[in-house]
Amino acid sequence: DAPGMQRIKIPYGKLSAAQLEALADCAEEYSDEILHVTTRQDIQLHFVHIEDTPDLMRRLAAVGITTREACGNSVRNITACPIAGVCHEEAFDITPYADALTYFLLGHPDVQDFGRKFKIAFSGCKSNPCGLTNFHDLGAIARVREVDGEMRRGFELYVGGGLGSVPHEAKLLDDFVPEEELLPLSQAVCRVFARLGEKKNRARARIKFLVRQVGIEEFRRMVQEERRGLRPDPRWTAFLATLEHHRETPLHQGSPLPSFEEGSALARWARSNVQPQKQEGYYALSITLPLGDFTTRQARGLAAIARRYCGDTLRTTVDQNLLLRWIRGADVAAIYGELERLGLAEAGAHRLSDVTSCPGTDTCKLGIASSRGLASELRRRLPLLQEELGEAVEGLHIKASGCFNSCGQHHVADLGFLGVSRNVGGRKVPHFQVVLGGQWTENAAAYGLAIGAVPSKRVPEVVRRITERFVRERQEGESFQAFVRRIGKANIRAGLQDLTTVPSYAEDPSYYSDWRDPREYSLGDMGTGECAGEIVPYVYFGLNASEREVFEAQLRLEANEIGEAQQRAYGAMLNAAKALVRHLGQQVADDDAAEIVAQFRLHLHETGLF
């Protein structure tokens with residue numbers, strides 16, 4: 001009978017004013033008057049009672065919103081560039097294609113037998129981060145190619161990406177899929193995953209493991225064979241006749257952006273939150289939502305602003321903000337004034353202080369550390385730090401996840417943080433694993449390096465120390481990713497070593513509670529997660545400890561300390577084997593290497609499970 005979370009699909013983030021008002025009504029009547037934007041462009045309502053959900057769903061359906069397959073082993077909300085259709089660099093507007101694939105796969109019989117969830121993203125170009133196709137199960141990047149003397153639309157299609165505890169970069173499935181083949185080829189990919197993907201072991205049930213197991217060449221062959229055997233469906237191409245139906249038209253004649261008083265709050269806000277569209281005289285306005293949250297009063301105010309200035313052109317974004325499109329330059333100052341009255345005129349969108357976070361321990365039972373609490377504290381401190389360090393750091397991204405699942409997308413942040421737990425003196429202490437140098441651009445082209453874990457309360461100092469060092473030691477024009485690679489993880493870790501220690505409980509008990517939570521820290525509340533998942537098995541903690549040992553072994557190897565590297569690598573394997581044997585319910589001694597190896601051989605190797 002405890003209240004839960006209702007996830008609501010917002011395909012490619014597009015919202016009308018009427019839909020936003022309906023969401024506000026539902027949040028006010030069935031929830032806690034807060035709407036939360038997720039990193040998949042969904043809207044979530046928390047503290048919803050299950051007996052209220054039928055009425056909530058009917059009211060959302062009345063304005064064209066569904067909650068179907070927003071959770072579970074299904075095709076989740078399809079995400080896309082929030083500036084699709086107005087971007088200077090896009091090949092073409094991917095909005096109608098994302099829309100067509102959303103409703104083609106929604107409830108489709110071929111996507112009902114997955115072992116785990118399936119995530120799809122669209123990007124209008126290859127160089128920018130808006131679509132983040134590289135870490136999706138299926139990613140589509142718009143391309144235009146000359147075919148038989150005619151310019152044709154199509155997609156560069158990627159498959160098998162994913163973050164989580166085992167991140168994988170997506171593999172190229174096809175460098176040009178004609179627009180009429182997008183839906184059937186996506187259907188074929190889904191059918192192969194449904195038939196051959198893992199079903200019993202949830203930890204291995206994502207398509208990235210299937211692609212890695214069979215190899216991309218064999219996976220491509222299976223998809224092509226599946227495509228040839230599909231029964232023709234008129235929906236594959238019917239939507240192509242309606243592409244123009246998705247074209248947005250402005251409410252007002254465009255006009256240039258006026259000059260604002262240098263140094264004023266409006267000028268600072270416009271610098272970070274206003275970007276010109278490819279259509280002359282029009283601008284896209286980012287509305288910064290701290291932690292992705294906004295109230296029902298603010299939602300209704302935004303709906304009124306949309307009706308007055310730009311129509312039904314709102315979009316949610318993967319960095320948990322909102323976007324108003326088709327704003328003429330002459331209206332920017334007036335809109336800023338209205339946002340000020342709503343409490344939504346915070347500057348810094350897409351800047352260092354615009355921290356992304358999953359729900360963490362606030363509302364997710366899988367949460368190990370308070371990612372939202374940490375993000376809130378960083379947002380409080382970072383504007384001053386950004387002012388001190390200047391332009392070199394303002395474009396850096398910080399992202400925090402409360403557990404291994406990477407819902408905060410920490411792998412692709414410049415500075416990423418992953419919630420973990422450590423035992424200190426018989427008490428548990430919240431920590432965050434530091435991940436540096438992920439690449440947000442080029443559709444999340446590369447993942448960051450894990451450096452080591454620090455107590456949660458010392459993360460703000462970690463951010464300060466790393467950014468100050470970057471500004472002090474970077475070479476001319478050097479990116480943060482290049483800087484991290486150049487100086488190396490051992491060097492960075494050495495510079496943070498003093499921050500990894502935890503004072504005793506008697507010396508400073510504050511380290512033994514999490515951000516925004518005065519209670520003594522504990523993992524006792526872990527259970528079913530927000531996304532219809534399972535409790536995180538304790539095997540993950542054993543494997544995480546092994547990963548730390550591997551890291552230490554790598555450092556020793558790089559220092560040519562061969563004996564120490566060998567010992568630590570062997571210890572990592574023993575710890576992982578022990579964790580896996582215990583995960584199967586078998587007993588094994590802590591420090592008997594021969595028994596650990598024998599039990600691993602018996603229960604995992606000889607059975608073929610490993």
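## A strand residue with positive phi

Phe 47 is located in strand 4. The structure described here is a predicted model. Although Phe 47 is not a glycine, its phi is positive, near 65°. Its relative accessible area is 46%, so Phe 47 counts as partly exposed.

A second residue of this kind is Gln 41, which is not a glycine and yet has a positive phi of about 65°. Gln 41 belongs to the loop between strand 3 (34-37) and strand 4 (43-48). Is Gln 41 buried or exposed? Its relative accessibility is 0%, and Gln 41 is therefore classed as buried, because the class of buried residues covers those under 20%.

Which residue of strand 8 is the bridge partner of Gly 139? The partner is Tyr 158. Strand 7 and strand 8 form a hairpin with 2 residues between the strands, and Asp 148 in this hairpin has a positive phi near 55°.

## Strand 14 and its partners

Strand 14 (residues 322-328) has 7 residues, of which 6 are buried; the strand is therefore largely enclosed by the rest of the structure. Strand 11 (residues 282-287) pairs with strand 14 over 5 bridges in the antiparallel sense. Tyr 283 is placed opposite Ile 327 of strand 14.

Strand 13 (residues 314-316) is likewise paired with strand 14 in the antiparallel sense, over 3 bridges. Arg 315 has Leu 323 of strand 14 as its bridge partner. Strand 13 and strand 14 form a hairpin with 5 residues between them, and in the turn Gln 320 shows a positive phi of about 65°.

## Helices 5 and 6

Two packed helices are described by the angle between their axes and the distance between the axes. For helix 5 (residues 207-214) and helix 6, the angle is about 110° and the axes are 6 Å apart. Helix 5 is therefore roughly perpendicular to helix 6. In the contact, Ile 207, Leu 210, Val 211 and Val 214 of helix 5 meet Ile 216, Glu 218, Phe 219 and Met 222 of helix 6. By class, these residues comprise 7 nonpolar, no polar and 1 charged.

Helix 6 (residues 216-228) also contains Arg 221. With a relative accessibility of 38%, Arg 221 is classed as partly exposed. The side chains of Arg 221 and Glu 218 are joined by a polar contact of 2.7 Å. Arg 221 and Tyr 336 are separated by 115 residues in sequence and by 53 Å in space, taken from C-alpha to C-alpha.

## Helices 17 and 18

Helix 17 (residues 539-558) and helix 18 (residues 562-583) have axes that come within 8 Å and cross at roughly 170°. Helix 17 is therefore roughly antiparallel to helix 18, because angles over 145 degrees count as roughly antiparallel.

Which residues make this contact? Those from helix 17 include Val 539, Leu 543, Val 550 and Leu 557, while those from helix 18 include Ile 562, Ala 569, Ala 576 and His 583. By class, the contact of helix 17 with helix 18 has 12 nonpolar, 4 polar and 5 charged residues.

Notes. Residues are numbered from 1 along each chain as its sequence is written. This is a predicted model: local features need pLDDT of at least 70, side-chain atom pairs count only at pLDDT 80 or more; totals for chains, interfaces and linings use all residues. Side-chain values use heavy atoms; hydrogens and water are left out. Axes are lines fitted to C-alpha atoms, for helices over the stretch in contact, and angles run from 0 to 180 degrees between N-to-C directions. Helices (H or I, at least four residues) and strands (E, at least two) are DSSP runs, numbered from the N terminus. Angles under 35 degrees count as roughly parallel, over 145 as roughly antiparallel, 65 to 115 as roughly perpendicular and the rest as oblique. Contact means heavy atoms within 4.5 Å. Ala, Val, Leu, Ile, Met, Phe, Trp, Tyr, Cys and Pro count as nonpolar, Asp, Glu, Lys and Arg as charged, and the others, Gly among them, as polar. Two strands pair if DSSP finds at least two bridges between them. Buried means under 20% relative accessible area, exposed over 50%, partly exposed in between (1.4 Å probe, protein chains only). A polar contact is a pair of N or O atoms within 3.5 Å; within protein, one must be able to donate a hydrogen and the other to accept it, and residues adjacent in sequence count only if both atoms are side-chain atoms.
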